Amino acid sequence: MRNRWIVAIASAAMVITACGSSNSNQTATNTSPIELGAWMPLTGPIAVHGLAQRAGGDAYFKFLNDHGGVHGRKVDWVVEDNAYDPQKTVAAAHKLIDQSSVVAIVGANGTANSAAAFSYVLDQAQVPIIDTYGGAADWYTPAKPLLFGIQVLYEDQARILGKWAVKDGYKEIAFVHSDPSAFVNIAKAGTEAIKAANPSANVHDISVKFNTTDYAPVVLQVKNLHPDAVILILSTAEVVAYLKQASQQGLKTGVYTYAPNSSADVIRLAGADADGLKSEAFTLPPDDTASQGVKDFVAAMQKYEPSVTPDYESMMTWALCKVAVAALAKINGTINKDSIVKALEGTSNYDSGVMPPITFTSSQHLGASKIQRVQLTGGKWTLVGGYVGPTSTL
């Protein structure tokens, strides 16, 4: 299957013309830089995610510009810090559109944070938001005219984790999740999948205040429930804190987590305490030397972002940006929101080289439904089977 995903390096340099708000049309004859934007948590409790994701996007656009840019035009990808805060995300959106004059939001971070900016970006300014690192079912059902994404929904990730735990033979399963409603909904979806797969399984729900740093009481609470498996829907820093405390308290269970935590930071910060952790990944492994798409990504990271270890998060943002470029490159003539939507909805089985093919239609603005299972063994993420979706047989 991987041979289908091998792409020539020239494909990453596909040209793009883009549009923005209703007063910003562009044509392919324009020679000025194209301004794209994103918001990410570069400071605050989950900055570790935002910094890795920005590095992947930066590497992609630097590579793109070095290979001719977009129709001969350079691309400026402007990233504003939202500190993982909804109000700061709205402020960042205003700055990107009103001051930086971006013509599209590409590869931004956050579900609730991005949703807070929808009213201004999508409705008022009418600027497309393409391929956010995040998403929820109500983003795409029904499809919003200017909103497109390729990340498998977190609820579907939890469903897959739940089915995986059941397949592994576990019957006492605890969901440990952050307390914001988005995390609660993710855990609920996973719980329903567990009960559907094994009605006799017992599922325990433990809600933890977001950005908790002391996990000793949490692990003790889990330990008193006597689960044989734990599914963590937490930030990377909190997953690391949980794993360290579980080791200190001698709690031995199967441990699972969702795709945002398949990162080099878990390995670096948790060390041997993370060994055996099962997770998910949106893309092929960063060390998959059989894939030309992965090799292109790693080479670009080493050249343009040498201080950042290539990992799943940086590769995902590389893919988010690359998919957006491939769709927008098909536009000829005047670039506006209508031509952007037409180009995206005409994307069929686009191969980024690092993840499954992407397809959008007029009624389907979520372009991906499958994810890769991985396990941390000996300080390395390894593949577990092929790509799966929430209805797949594991």
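Helices here are DSSP runs of H or I with at least four residues, numbered from the N terminus. With that in hand, let's walk through this predicted model, starting with a pair of strands and the helix between them.

Find strand β6, residues 172-178, and strand β7, residues 202-208: the two run parallel and are joined by 7 bridges.

Keep your eye on α8, as the pockets come next. The largest pocket holds about 550 Å³ of space. It is lined by 30 residues, and those closest to its centre are Y84, T111, A112, A182 and F183. Which element gives the most to this lining? That is α8, with 5 residues. Other elements that give two or more residues include α2 (47-66), α4 (112-116), α6 (137-140) and α7 (154-167). By residue type, the lining of the largest pocket divides into 18 nonpolar, 10 polar and 2 charged residues.

Now turn to the second largest pocket, with a volume of about 310 Å³. Here 21 residues form the lining, with L251, T253, V255, D273 and D275 the closest to the centre. Helix α10 (236-248) and strand β9 (254-257) each supply at least two lining residues, and the largest share, 4 residues, comes from α10. The lining of this second largest pocket is made up of 10 nonpolar, 6 polar and 5 charged residues.

Definitions and conventions
Residues numbered from 1 in each chain as written. Predicted model: local features only at pLDDT ≥ 70, side-chain atom pairs only at ≥ 80, totals over all residues. Heavy atoms only, no water. Pairing = 2+ DSSP bridges. 1 Å grid on protein atoms, 1.4 Å probe; cavity = no way out; pocket = protein on both sides within 12 Å on 5 of 7 lines; lining within 4 Å. Points joined across faces, edges and corners; volume = space filled by probe spheres on them. Nonpolar A, V, L, I, M, F, W, Y, C, P; charged D, E, K, R; others polar.
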